[in-house]
Amino acid sequence: MGLFTEEHDMFRTLVRDFVEGEIEPHAEEWEASGMFPARELFPKLGALGLLGLQYEAEYGGGEADPIYQAIFAEEMGRMSCLGVAMAIGVQTDMATPSLARFGSPELKEQFLRPAIAGTSIAAIGVTEPDAGSDVAGMRTKAVRDGDDLLVTGTKLYITNGLQADWVCLLARTSDEGGSRGVSQVIVPTDSEGFSVSRKLNKLGMRSSDTAELVFDNVRIPAANIIGTEGRGFHQQMMQFQDERMVASYQMVGAMDHALQRTADYLKERKAFGKPLMANQHLAYELADLASEVDLLRHYNYNAAEAAKRGEDITRFATVAKLRSARLARKVADICLQFHGGVGYMEETWTARFFRDTRLWSIGGGADEVMLRTLARMDGFWAD
Amino acid sequence: MPSTVVAGSFCYRRVTVGKLSYMNVVVCVKQIPDPADPGALDPTTKTLKRDGKLILDESDSYGVEMALQLVGDSGEVTLVSMAPNGEVSGLRTALAMGAAKAVLVSDDALKGSDSLTTAKVLAKAIGRAGDYDLVLAATESSDGYTGTVPEQIAEVLGLPSVTFAKSITVDGSSIKVDRQTEAGYDEVTCPLPAVVSVTAGVVEPRYPSFKGIMAAKSKPVDQVGIADLGLDAGAVGWAGAGQEIVEVVAAEAREAGEVIEDDGEAYNRIVTFLSDLKVI
């Protein structure tokens, strides 16, 4: 038997149909408005069980194997507004894995269940104005005050920032330096002292709202700490693996679709009396890229199977994130190039694809951070 | 003005005042080659090749949705299908949408069956589905397009037939059907049980949920051959077909449209064009 069961195939059809039926008709409008209506879209996804595939059934999850997660993200990557795919990914695989993995039953009941149902919107707050990929350098604090925590700080580049009901926040809960003394806490956005200081204007991913968030003495229960106090950095590192794999899964779907669309165009568009695809150079370039996408696709599937076996997938996630982001930049560039002038026009999908894919070499851990992690992992390092 | 047609009388069971307390609906579904892939005809038999994976005919998804809406929480939807090679992929899709069980007729002897034979086979299969109040089908399949099977099933079963339903309402032991016509629609009242063909686009077929997909694999599919239905091999398939496909020819290519260069007066040409078509 191959990797995919009949149920996997049916599931892929479901997600593809959902994207075509519920997202694509609105893509242009959401891109233009700089935001998509998460409160309309997420409950639809939740009702179909798509927002908590891997989570416990007790909280509404599907307890699905990681292959479903890979299929879901691949199909999300095929949409023409990748900002929405990213925002959904934040809900499913960036802001909630730690809560599901380490959260108390009470915390999961209060925040995970509605996130899986799509009735509440989640965001992940890690990056700060002075601390991006260097997470250990962050300054946001959550200081004890009796049974509460007082949260103070600023978080930047927060996806779903304008619409989120709660933020999975990384904050310092003690004065220990570096990565120690950091905890993951859940901050509801209706808390006093929370504010969205500005909506950010991005190069791409425009259908997704991105914000700067300010926490000014926000009082939350100390029970909102996810897992063990002081272990937040470690927990976030684990959560990053989910995020990075999802990015890579999405990019495979996105690149596969982009190459197909480009091939369709090259067969249709004629120059010098023949379809453009009759030019061997163009055909071979596409074949070359398709081979690279194929390698990545199967690397991803190996990662999903390793996750299914319960293995640590840090190396898989690091390599997949790095390679997928770099390959997506190359694919986006060539797809635009092969479309010629029309490819440079905003009305053609290639322009948006070029802008959207550029993010993945930066967000979720920049390429350079992936390389740093790999270099350390493989012993290519000296202090 | 909508007209009212009352079809022949029929008594049935388990009826409460106002609506059926519990309703069983059978939906005839066809599993067809994926229309997204280029189809091919067998040059010898001149029939569509069906040896690959088959999917649920999209036109049947409307009947499945209609049935699920009609039964709600108080009834059961049973699928009936005839397909080669024990194919169940399309049935699984409808089961994932919420149908409870399926009867699949699959038998090599059925190859070459014409629409009347198909109707006879499906009518027998419907008999295996248990008690039923209503049989739904699409108005026509997306691969064969004969558009005759639902009415033939009704005739074989001796039930009233209503075609081109755009809505169905259960009222006691009868149904009220809005029947699509070229001029508008007829309001038809029909006793149960009945066979109704459902037009596409009148309900929005639901997406099968993840849980529905996972549940579908454990739902019962009663796979039977013609012997199980009490049918003789000589009466079905090529042997029993009253129809013969004499020739298959390619459809004429569409003529190219007329391109009108706008010199400032092009709207007159468009108005004339639409007027000639009696659109305006």
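Tutor: Two residues are in contact here when heavy atoms of theirs lie within 4.5 Å. The model is a predicted one.

Start with the setting. The domain assignment divides chain A into domain 1 (6-117), domain 2 (122-230) and domain 3 (234-377). Between domain 1 of chain A and domain 2 of chain A, contact involves 28 residues of domain 1 and 24 residues of domain 2. The centres of these two domains, taken over C-alpha atoms, are 22 Å apart. Together domain 1 of chain A and domain 2 of chain A bury about 2,100 Å², and 61% of that area is on carbon and sulfur atoms.

Now to the helices. Helix H8 of chain A covers residues 232-268, and two helix pairs that include H8(A) can be described in turn.

Take helix H5 of chain A, residues 82-94, as the partner in one pair. The axes of H5(A) and H8(A) are 10 Å apart, and the helices pack at an angle of about 150°. Angles over 145 degrees count as roughly antiparallel, so H5(A) is roughly antiparallel to H8(A). Their crossing is right-handed. On the H5(A) side the contact uses Leu82(A), Ala85(A), Met86(A), Gly89(A), Asp93(A) and Met94(A). Facing them in H8(A) are Gln239(A), Asp242(A), Glu243(A), Val246(A), Gln250(A), Met251(A) and Ala254(A). By type, the residues of this contact of H5(A) with H8(A) are seven nonpolar, three polar and three charged.

The partner in the other pair is helix H4 of chain A, residues 66-76. The axes of H4(A) and H8(A) come within 6 Å and cross at roughly 50°. H4(A) and H8(A) are therefore oblique to each other. This crossing, too, is right-handed. H4(A) contributes Gln69(A), Ala70(A), Ala73(A), Glu74(A) and Met76(A), while H8(A) contributes Asp242(A), Val246(A), Tyr249(A), Gln250(A), Val252(A) and Gly253(A). The residues of the contact of H4(A) with H8(A) divide into six nonpolar, three polar and two charged.

Definitions and conventions. Residues numbered from 1 in each chain as written. Chains lettered and ligands numbered in written order. Predicted model: local features only at pLDDT ≥ 70, side-chain atom pairs only at ≥ 80, totals over all residues. Heavy atoms only, no water. Axes fitted to C-alpha atoms, helices over the stretch in contact; angles between N-to-C directions. Helix = DSSP H or I, 4+ residues; strand = E, 2+ residues; numbered from the N terminus. Parallel < 35°, antiparallel > 145°, perpendicular 65-115°, else oblique. Left-handed = near helix turned anticlockwise from the far one by under 90°. Nonpolar A, V, L, I, M, F, W, Y, C, P; charged D, E, K, R; others polar. Domains from an automatic or database assignment. Buried area = accessible area lost by both parts, 1.4 Å probe.
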